[in-house]
Amino acid sequence: MPAMTAQTPQDWPPAPIATARLVLRASTARDRAAFIELFASEEVGTYQGGARPRAELETAVPDVPGQRPGFFVIAVAGEMAGAVTLDRNDAGETELGYLLLPRFWGHGYATEACAAALDWCARTRPGAPVVLTTQTANARSMRLAQRLGFTEVRRFHAHGAEQWRGALPPAAPAR
């Protein structure tokens, strides 16, 4: 697991978090093109409401995307592979989210990045409930949720599809 010091949510951005194969870090201006590629990807958009038009993204994406607490760039060998987010929702829970560029799928990077982010969350937001929502049709995300220790809370329909909501047991460490 990553070695890092305890930080508070006000300590943003945190020092980069290194794992065996990747680094979680704050976003920089050099990540902008990769973010546009990520959000314009048909494959990535499959369970996210669809890809966004590249022309729209060129004007909408800021010079330095994702500058907020809980937003980490996933870097593999120095290249942006995607992002993992830990956002507070209206219920006071921390919602885990992640997106990876398709060329990085199938290598375990999402599991590794989410586990590192959850470890950071446990230190900076002790006791905060952590949840994850995904479409039941998204088999990869369903497997990831299981590997990370999320258990089903409920299923519901939204955005024209069945959604799965899982929660991380409070005492469960990230894997």
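How many disulfides does the structure hold? The structure holds zero disulfides, a disulfide being a pair of cysteine sulfur atoms within 2.5 Å. This is a predicted model, in which local features need pLDDT of at least 70 and side-chain atom pairs count only at pLDDT 80 or more, while totals for chains, interfaces and linings use all residues. Residues are numbered from 1 along each chain as its sequence is written, and side-chain values use heavy atoms, with hydrogens and water left out.

**Cysteines**

The sulfur of Cys114 lies 12 Å from the closest cysteine sulfur, that of Cys121, which is too far for a bond. Cys114 is buried, with a relative accessible area of 0%, and Cys121 is buried as well, at 2%; here buried means under 20% relative accessible area, exposed means over 50%, and partly exposed lies in between, as judged with a 1.4 Å probe on protein chains only.

**Nonpolar core**

In soluble globular proteins, nonpolar side chains tend to be buried together. A nonpolar core is a set of buried Ala, Val, Leu, Ile, Met, Phe, Trp, Tyr and Cys residues joined through side-chain atoms within 4.5 Å. The largest such core has 39 residues, and among these Leu24, Leu96 and Phe150 touch the most other members. At least two residues of this core come from each of several elements, including α1 (32–40), β3 (71–76), β4 (79–88) and α4 (109–124), where helices (H or I, at least four residues) and strands (E, at least two) are DSSP runs numbered from the N terminus. The most is given by α4, with ten residues.

Leaving aside residues up to four places away in sequence, Leu24 touches Pro16, Ile17, Phe72, Val73, Ile74, Val84, Ala113, Ala116 and Ala117, contact meaning heavy atoms within 4.5 Å. In α1, the buried residues are Arg32, Ala34, Phe35, Ile36, Leu38 and Ala40, and they pack against α2 (42–45), α3 (54–60), β3, β4 and β5.

**Charged side chains**

Side chains of opposite charge can pair when their charged atoms come close. A search of the whole structure finds eleven salt bridges, each defined as a side-chain nitrogen of Lys or Arg within 4 Å of a carboxyl oxygen of Asp or Glu. The table gives some of them.

| Salt bridge | N to O distance |
|---|---|
| Arg25 and Asp31 | 2.8 Å |
| Glu152 and Arg155 | 3.1 Å |
| Glu162 and Arg155 | 3.7 Å |

Both Arg25 and Asp31 are buried. Glu152, by contrast, counts as partly exposed because its relative accessibility is 43%, and Arg155 is also partly exposed, at 42%. Glu162, with a relative accessible area of 28%, is partly exposed too.

**Aromatic rings**

The structure holds four aromatic pairs, where rings of Phe, Tyr and Trp (its six-membered ring) pair if their centres lie within 6.5 Å, and planes under 30 degrees apart count as stacked, those over 60 as edge-to-face and the rest as tilted. One aromatic cluster is formed by Phe35, Phe39 and Phe71. The charged end of Arg154 sits over the ring of Phe156, 4.4 Å from its centre; for this, NZ of Lys or CZ of Arg must be within 6 Å of the ring centre and within 35 degrees of the ring normal.
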